[in-house]
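Reader: I am new to this structure. Could you walk me through the terms as we go?
Author: Gladly; here it is.

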Amino acid sequence: MQIITQGTVKGSFYRKSLILVLIITCLPVTLISIGLYYTGSDRIVEELNKAHQIQLKQSIQRLDDYLSHLELYSAQLGFNPGFDKSLAVIDFHQQFQRTNDLLRSLSLMKDSNPLISSVVLYLKDSDKVIGDDSGVRTIPNEQERAVFQSLLRGDEGIYWVHSIHPIHRPESNHHGVIIKLPGGTQSAAYGAFIIYINQSALNNMVQRLTSGAGVAFLIDDHDQMITDSSKDFNEIQGLEEALKAYVRHDNLHENTFVYDWQGQSFSVSYGKLAKLGTEFTYISATPLSQIMAPVSSMVKTVLLVSGFGLFMALLLSWFASKKIYDPIRRLAKVFHSFKDGEPVANDELAYIERQWKRQLEKSEQLYTKVKQSVPNLREGFLLQLLEGHLYYLSDQELALKMKELDWSIENKQFVFFVMQLHGMSSFDTAFSEKDKQLISYAASNIVEELCSAQVELFHVINYQDLSVGLFLMLDSSMDSSEIKDKLANDFMSALNNVLRMTVTLVISKATCSIGEIPGLAEQTRQALRYREIGPSNQRLDMDDFLLAGHQPVRFPFELEREIVHAFSIGMEEETMMRISQFMQALQKESSTELMVHQGLMKLLGSMWDAILKSGTNPYTLYQGADLYEQLQAIREPEEMLDWFRHKLVAPFIQTLSLTYDPELKSAIDRLLLKIQEEYLSDISLEGYAEQLQMSPFKLSRAFKQMTGQNYVDYVTKLRMEKCKELLLTTDLKIGEIAEKLRYQPSHLIRLFKKSEELTPGQYREKHSH
């Protein structure tokens with residue numbers, strides 16, 4: 001393998017590119033030149049010949065139009081009622097006015113067609129000839145009379161005569177048209193109109209059928225020449241005779257062909273025109289050299305330009321190949337300078353391809369990693385922004401960072417949504433913290449799916465506590481209220497239907513400033529605390545949000561004192577009943593979550609004070625837990641009550657029970673064992689109080705403080721457990737079981753249904769398997 005250094009040695013790419021550029025530049029020029037010479041000229045000849053034929057047809061049509069007009073005009077003269085038989089007996093000297101009108105009419109006839117030289121009226125009976133230029137003349141002799149009378153013989157009403165002279169110029173012969181009067185052949189003619197043809201005008205019309213050195217002429221059906229050529233007679237006589245012979249032999253109505261004459265080629269066209277009772281034949285011959293004159297100069301120019309183009313192509317090919325190779329050399333040098341670059345080989349392109357693929361693979365791997373990390377980077381950046389940790393950055397710096405995360409924020413407005421789910425306490429099953437996280441995850445997915453179908457730029461934040469945040473970027477030109485209403489309705493409907501939970505939704509104001517986003521997010525999340533505690537969906541729009549701080553709030557101080565008293569003496573059920581009443585009183589005064597939380601916080605402080613007064617160490621009792629923080633995180637009323645029972649009241653009551661008189665505690669322990677042995681017999685609290693030598697009231701309070709429930713409920717619970725055992729393990733009837741448990745059957749059924757929400761029979765049937 002040859003190693004290419006920085007010197008003048010070039011690799012195979014330079015040679016290949018030079019050859020390729022030479023082929024690309026020279027071959028088209030050569031092929032174009034040859035194509036133009038061999039095919040282009042024929043095409044040009046064809047086009048020029050077409051143009052010549054079009055021009056020829058136009059000239060022929062013009063000639064045909066003039067002859068047709070002359071023929072039509074002649075027919076009109078023959079049948080004109082103004083030229084009736086009264087002309088035969090007119091006295092031209094006496095009837096001066098009519099004679100003058102007649103002469104004026106003849107003059108107008110002459111001017112109506114350029115082919116007309118003059119028009120005369122011949123009247124046989126009066127031997128008169130009336131003309132526009134000769135006036136009224138009498139035929140001077142018999143010879144002339146015989147000539148004019150011969151014009152009236154024959155059956156044709158309108159016909160062409162090859163030669164006729166005017167009466168006042170016998171030496172001048174003209175072609176003419178005879179129109180007998182009256183028109184038609186029904187009666188003998190009493191005269192005729194004689195139209196003398198303007199030979200010069202006819203010659204000019206026919207000569208327009210050709211140009212330059214060409215010839216054109218018109219012959220009648222007897223091969224007599226109608227037109228005279230302006231060219232030398234000796235030069236064209238032979239050609240005209242040869243063409244007449246060819247046309248006569250061809251015997252076609254019209255044709256176009258190439259005719260060779262004395263070493264010269266002519267483009268010949270001929271055709272027949274049946275006019276004025278005669279069949280005329282026009283013949284036009286134009287030299288091909290005259291038609292091809294523009295082509296010859298064009299071919300020479302093309303050959304000259306092609307030669308120059310070929311020379312320039314060679315020069316530019318050499319120059320272009322050097323310029324093409326220069327970036328290849330530099331690119332190979334760049335790849336060689338890489339840390340892991342291999343030496344440059346003889347085939348530079350193969351080397352560059354290998355290096356390029358290697359770098360492309362690295363780039364794609366890096367791009368994939370960056371793309372995969374963009375969502376996490378976005379979420380991290382957005383969380384920092386919403387938490388206010390990026391306060392030190394200006395709006396421009398924040399915009400630049402968002403642009404780096406593929407967020408285009410130009411001409412955008414920003415809106416923040418917060419959704420809080422409620423209603424977990426309404427389900428029968430208990431939910432753990434992990435269940436809440438799963439529900440939050442499901443809610444965030446629902447919000448993201450709904451947004452992706454309606455909004456282009458957004459980000460969903462899962463707070464993992466049954467709340468979801470949504471950051472929207474909308475066009476400044478959009479009506480934000482419309483899209484907010486649409487999304488809010490969709491979110492509430494979807495979360496209600498899918499998760500079976502109610503929603504509190506807070507919508508921030510729209511802003512175009514990035515720096516205001518943290519404040520909006522904080523305000524929006526805090527506004528959740530102002531929701532009304534209830535089982536229905538709620539929407540709080542910060543555009544319309546107004547804190548009602550001027551209304552007076554009545555705090556239930558009496559209930560607070562009763563709760564603290566019951567709590568202090570260890571009455572758990574009494575305490576919880578009063579706490580429930582306390583919460584209802586708070587909701588009645590102010591139904592917002594914030595006010596209820598503040599009232600419960602004050603109650604917690606009072607109960608905390610009672611714990612301290614009892615001599616109990618709260619830190620040890622509650623294992624260092626921050627009760628205020630726990631209560632602050634709870635949003636459902638039922639969960640708040642449950643928290644008070646299990647997290648605050650029950651531990652304290654249990655500890656308080658342990659601090660009572662040891663002898664009393666020992667008596668209660670003995671009583672519990674005795675009840676376990678005798679609960680199927682007739683026992684009563686009064687009987688046990690007598691046995692223990694204490695009052696029933698004192699025993700009842702001590703029993704409740706020690707066990708957390710009163711005597712009757714405790715015994716009833718034991719008997720219901722025994723009833724379930726007998727229902728499932730024996731075939732005893734309900735009456736027999738009631739007798740064993742010391743109950744009436746109806747009373748047993750009522751107690752059992754209250755405990756299990758089933759009758760004993762339904763319970764046995766349900767669990768029979």
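Author: Accessible areas come from the Shrake-Rupley method with a 1.4 Å probe, and for residues only the protein chains shown count as cover. The protein chain has about 42,900 Å² of such surface, 54% of it on carbon and sulfur atoms. This is a predicted model, in which local features need pLDDT of at least 70 and side-chain atom pairs count only at pLDDT 80 or more, while totals for chains, interfaces and linings use all residues. Residues are numbered from 1 along each chain as its sequence is written, and side-chain values use heavy atoms, leaving out hydrogens and water.

Reader: What makes strand 12 and strand 15 edge strands in the sheet?
Author: Helices (H or I, at least four residues) and strands (E, at least two) are DSSP runs numbered from the N terminus, and two strands pair if DSSP finds at least two bridges between them. The open sheet has the order 12-13-11-14-15, with mixed pairing. Strand 12 (457–462) and strand 15 (538–541) each have a single partner strand, so one side of each lacks a neighbour in the sheet.

Reader: How do you know that strand 12 pairs with strand 13?
Author: Six bridges join strand 12 to strand 13 (residues 467–475), and the definition asks for at least two. These two strands run antiparallel, and Leu-457 stands opposite Met-473 in strand 13.
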